[in-house]
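Student: I am new to this structure and would like to know what stands behind the words used for it. Please show it to me first.

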Amino acid sequence: MNDVNDSFGADAPVYVISVAAELAGMHPQTLRQYDRLGIVSPGRASGRGRRYSMRDVQLLREVQRLSQEEGINLAGIKRILELEHEVEQLREQVFHLANELEAARRAVARRGRPTPAEGGGARGELVRRTRVTIFNTAERPEDDNTRNTGSGQGGPGAGRDDERD
């Protein structure tokens, strides 16, 4: 006969509270408290009864371990679980972005690959080309007479009134 997890999967809410409590090694009232605190949120049956999945049972065991072995309070455990969930989501996002990046790189490599007649480099080689614009900000060379006297149009004294009150 097939195991329940094989038939329904780890996320299928199939265990009533008494069975889940027994599997997790806890009292059913503890599971109710964790549900109220939002630490473990089981599914609900049509009659509003709690239904726990195997993943919920594993989470309950982890909560118990953190509490008993590590001495972490329930607020700390809740925060740890939230952060672990966030890390998992971010890992999944990084995985998808890495796949998209790799696909884009392959597409660019295919599109930018020179034909043999053009004498391109190694096949499949991705070459980075950078375009740089340089602006010349240095002063223009001026006549030495205008620079020293300050009477020329672009010299050091241009546009200033050198007389002070």
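The dialogue below sets computed values against the definitions of the terms.

Tutor: This is a predicted model, in which local features need pLDDT of at least 70, side-chain atom pairs count only at pLDDT 80 or more, and totals for chains, interfaces and linings use all residues. Residues are numbered from 1 along each chain as its sequence is written, and side-chain values use heavy atoms, with hydrogens and water left out.

Student: What makes up the secondary structure of the protein?

Tutor: There are six helices and two strands, and their order along the sequence is α-α-α-β-β-α-α-α. Helices (H or I, at least four residues) and strands (E, at least two) are DSSP runs, numbered from the N terminus.

Student: Why is Ser 53 called buried?

Tutor: Buried means under 20% relative accessible area, exposed over 50%, and partly exposed in between (1.4 Å probe, protein chains only). Ser 53 has a relative accessibility of 3%, so it counts as buried. Ser 53 sits in the loop between strand S2 (50-51) and H4. Beyond residues up to four places away in sequence, Ser 53 touches Ala 10, Asp 11, Ala 12, Pro 13 and Tyr 15, where contact means heavy atoms within 4.5 Å.

Student: How do you know whether Glu 22 is buried or exposed?

Tutor: The value for Glu 22 is 68% relative accessibility, so Glu 22 counts as exposed. Glu 22 belongs to helix H2.

Student: What class does Leu 37 fall into?

Tutor: Leu 37 has a relative accessible area of 36%, so Leu 37 is partly exposed. This residue of helix H3 is in contact with Leu 74 and Lys 78, leaving aside neighbours within four places in sequence. Leu 37 and Lys 78 are 41 residues apart along the chain, with 8.4 Å between their C-alpha atoms.

Student: How many of the residues belong to the largest nonpolar core, and what makes it a core?

Tutor: A nonpolar core is a set of buried Ala, Val, Leu, Ile, Met, Phe, Trp, Tyr and Cys residues joined through side-chain atoms within 4.5 Å. The largest one has 18 residues, of which Leu 31, Ile 39, Tyr 52 and Leu 60 touch the most other members. Helix H2 (17-24), helix H3 (28-37), H4 and H5 each give two or more residues to this core, and H4 gives the most, with five. Ile 39 has among its contacts Tyr 34, Val 63, Leu 74 and Ile 77, not counting residues up to four places away in sequence.

Student: What lines the second largest pocket?

Tutor: The lining consists of Ile 39, Leu 59, Glu 62, Leu 81, Glu 84, His 85 and Glu 88. On a 1 Å grid over the protein atoms alone, a pocket is an open set of points where a 1.4 Å probe fits, with protein on both sides within 12 Å along at least five of seven lines; lining residues have an atom within 4 Å of a point. H5 supplies four residues, the largest share of the lining.

Student: Why is this lining divided into three nonpolar, one polar and three charged residues?

Tutor: Ala, Val, Leu, Ile, Met, Phe, Trp, Tyr, Cys and Pro count as nonpolar, Asp, Glu, Lys and Arg as charged, and the others, Gly among them, as polar. By that rule the lining has three nonpolar, one polar and three charged residues.
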